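Here is a short briefing to read alongside the structure.

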Amino acid sequence: MTTDAAAGAARVASGRPEPAGYRSLWAAVPGDVADRHGVAALDVAGGVCLAVASQAGNPMLCHAVGVGVGCEVGDADLDRIAAFYAARGGRHQVSASPGATGDLAPRLLARGYRPSRPWMTFHRPAGEIPGPATTLRVVRADAHSAPAFGAIVAAAFALPDDLAGWIAGAVGAPGWTCLLAMDGDVPVGAAGVVVDGGAAGFALGATVPAHRGRGAQGALFAARARVALEAGARHFVTETGAPAGGDRPGPSYRNILRAGFREAELRPNYASPAG
């Protein structure tokens, strides 16, 4: 697949599983956690605004994704986004996906948003992903192991312990399959996959620091590919932060490439105006 073809396929495919997965996860937040942390979501112009007021500015938790993909974005939509976040800590990011219609990026700039760290979207056609040689085994997370899944992901993304129970809610949430890499009976890695509309989004990959370099994420990529194929996915997509300046790609970026994904396109992000 050429770079242009990969970008086109990723643009179509990534417009579905990412917002769908986030909607499902935000819907799974326990009421007490939602109240304490100001967890909320709002559908706007084909995308979804995600907020956790206690974590204002966190690019994972306070981010509008998929806005303008498949539909036009009006000034009223941008006003709704601004008002939604103003009531929940203010600071946030809006993704201007290359698949978005119209002139979203310049309109955000005109409103005082500023470029932030972009994310790289990766794509590969659906297919088996060879796993690494490792002594770790992969199992599906269930109600019993969901707390371990939430704890591993929350720690990897530097989230408060109080939010680990919410992340555990991805286990069993509509569309999600959550997996754990096990060292004997000890969970040491976690990852999830969301299948929607023929595309599989690979997300929430994390490994306990003391167990990195043992093939956990490679094994989890291979297992997620099997899950996605069983669900009928035709495209695999994922993303991670793009390297800044001349920095080398980080471990997550390298793991994605090792799993056979190819860089499809850079997704610009725009940080809200100061204040």
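Contact here means heavy atoms within 4.5 Å. Helices (H or I, at least four residues) and strands (E, at least two) are DSSP runs, numbered from the N terminus. This is a predicted model, in which local features need pLDDT of at least 70 and side-chain atom pairs count only at pLDDT 80 or more, while totals for chains, interfaces and linings use all residues. Residues are numbered from 1 along each chain as its sequence is written, and side-chain values use heavy atoms, with hydrogens and water left out.

**Overall fold**
- The protein contains 9 helices and 11 strands.
- Its radius of gyration (over C-alpha atoms) is 18 Å, close to the 19 Å from the globule rule for 275 residues, so the protein is as compact as a globular protein of that length; the rule is 2.2 Å times the number of residues to the power 0.38.
- Of the 275 residues, 50% are buried, meaning under 20% relative accessible area with a 1.4 Å probe, protein chains only.
- Among contacts between residues at least 6 apart in sequence, 72% join residues at least 24 apart.

**Helix H8**
- Because 11 of its 15 residues are buried, H8 is largely enclosed by the rest of the structure.
- Those buried residues include Leu-220, Phe-221, Arg-224 and Val-227.
- Their cover includes strands S6 (137-140), S7 (176-183) and S10 (235-241), as well as helix H9 (251-258).
- Just after H8, Gly-232 has a positive phi of about 90°.
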